[in-house]
Amino acid sequence: MRLKIAVLAGDGIGPEVTREATNILRAVAELGSHDFTFVEARIGGIAITETGSPLPTATLDVALDSDAVLLGAVGDNKFNSLTPDKRPEAGLLQLRQALGGYANLRPSVAYSALSSSSPLRPEVTKDVDILFVRELLGGLYFGAPRSWNKETNEAINTMRYTRDEVVRVARVAFELAAKRRKKVTSVDKANVLEVSQLWRATVTEVAKDYPEITLEHQLVDSMAMHIMNIPRNFDVVLTENLFGDILSDEAGVITGSLGMLPSATIGGQVNLYEPVHGSAPDIAGTGKANPLGAILTAAMVLRHSANLEQDARAVEQAVHTVLEAGYRTADIARGSDTQTISTHEMGKRVHQALTESIDRRQALHAV
């Protein structure tokens, strides 16, 4: 397997966690005799400092010439005085648009070893495994017109979707559900919003092509409660852009930390992979950042761009193994039976567990 990966580490803790993720990808390549090439480029605040743009043309060129893009994080408070279109976050939105990925995949998995890190009771989070499929290029974030008239004190954002936009992301959700527990929960606000009425009608229509998949509809306000009360009831959760942003972040409560959440954006010219957590500039360079979200994001690179499902599962199992052994970064450290370790040390522990797992697998194949 040959894969060219653009590495955009970005700001804050981005370089630290991305380094550990790329180390894991290098290990998979070495152990499996794959050819993975990594090309680094700037995005976000560091790109503004060096070039004046949050997404330099050179960075976009590197991304479009790659098979996958691995991103760390963007954002820094020192750029807050800039207009929104000049800030680090604008570079990320521009990159998403340029790559064309319309389906954002965000897994939320409850690790038994981290049950004490969640404010939810262990019996609520036990065995939770939700995959959010969030439409990423429509809705309020991209709809026009949009404006802020400071003279009239009026601001406008537009929630807009076409039938075709809903169809394509719905098909992603149903296809993924077919490989999981065969259930899709579509989230909307159809009792109030015409856009949601289109969304619900279109998803219902698409479901007819997948008779083996159970479809249910939930209003976003009730869904926000159900995720906290009965999260085991959900498998694949399909949402529009704004609702998916909020609900998938809320699901971080299940895992105990946003630092545990990976994501992948697929469907476009090049897949984009990024952990859900932000740049956390207050702890940048301290070795406290949790790299597991980035490492789990690397597993998604293996699954969705390299088609190496066994290796993706091996990375995820390595994370589970390290957590079961009691190792924690500061954000998920709870109890006297755990050992708090640094960002790099956590990466090393996962690397070791992964190597042992793949070595065992290869030994069994050789017998």
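This is a predicted model: local features need pLDDT of at least 70, side-chain atom pairs count only at pLDDT 80 or more; totals for chains, interfaces and linings use all residues.
Colleague: Which way do the residues of strand 10 point?

Modeller: In strand 10 (residues 236–239), V236 and L238 point one way, while V237 and T239 point the other way. In a regular strand, side chains alternate between the two faces of the sheet.

Colleague: Are those four buried or exposed?

Modeller: V236, V237, L238 and T239 are all buried.

Colleague: Switching to helices. At what angle do the axes of helix 6 and helix 7 cross?

Modeller: Roughly 50°, and the axes of helix 6 (residues 163–178) and helix 7 (residues 194–207) come within 9 Å. Angles of 65 to 115 degrees would count as roughly perpendicular and those under 35 as roughly parallel, so helix 6 and helix 7 are oblique to each other.

Colleague: Left-handed or right-handed crossing?

Modeller: Helix 6 passes helix 7 in a right-handed crossing.

Colleague: Which residues make the contact?

Modeller: From helix 6, R163, V166, V167, V169, A170, R171 and F174. From helix 7, L198, W199, T202, V203, E205, V206 and A207.

Colleague: How do the residues of that contact divide into nonpolar, polar and charged?

Modeller: The contact of helix 6 with helix 7 has ten nonpolar residues, one polar and three charged.

Conventions: Residues are numbered from 1 along each chain as its sequence is written. Side-chain values use heavy atoms; hydrogens and water are left out. Axes are lines fitted to C-alpha atoms, for helices over the stretch in contact, and angles run from 0 to 180 degrees between N-to-C directions. Helices (H or I, at least four residues) and strands (E, at least two) are DSSP runs, numbered from the N terminus. Angles under 35 degrees count as roughly parallel, over 145 as roughly antiparallel, 65 to 115 as roughly perpendicular and the rest as oblique. A crossing is left-handed if the near helix is turned anticlockwise from the far one by less than a right angle, and right-handed if clockwise. Contact means heavy atoms within 4.5 Å. Ala, Val, Leu, Ile, Met, Phe, Trp, Tyr, Cys and Pro count as nonpolar, Asp, Glu, Lys and Arg as charged, and the others, Gly among them, as polar. Buried means under 20% relative accessible area, exposed over 50%, partly exposed in between (1.4 Å probe, protein chains only).
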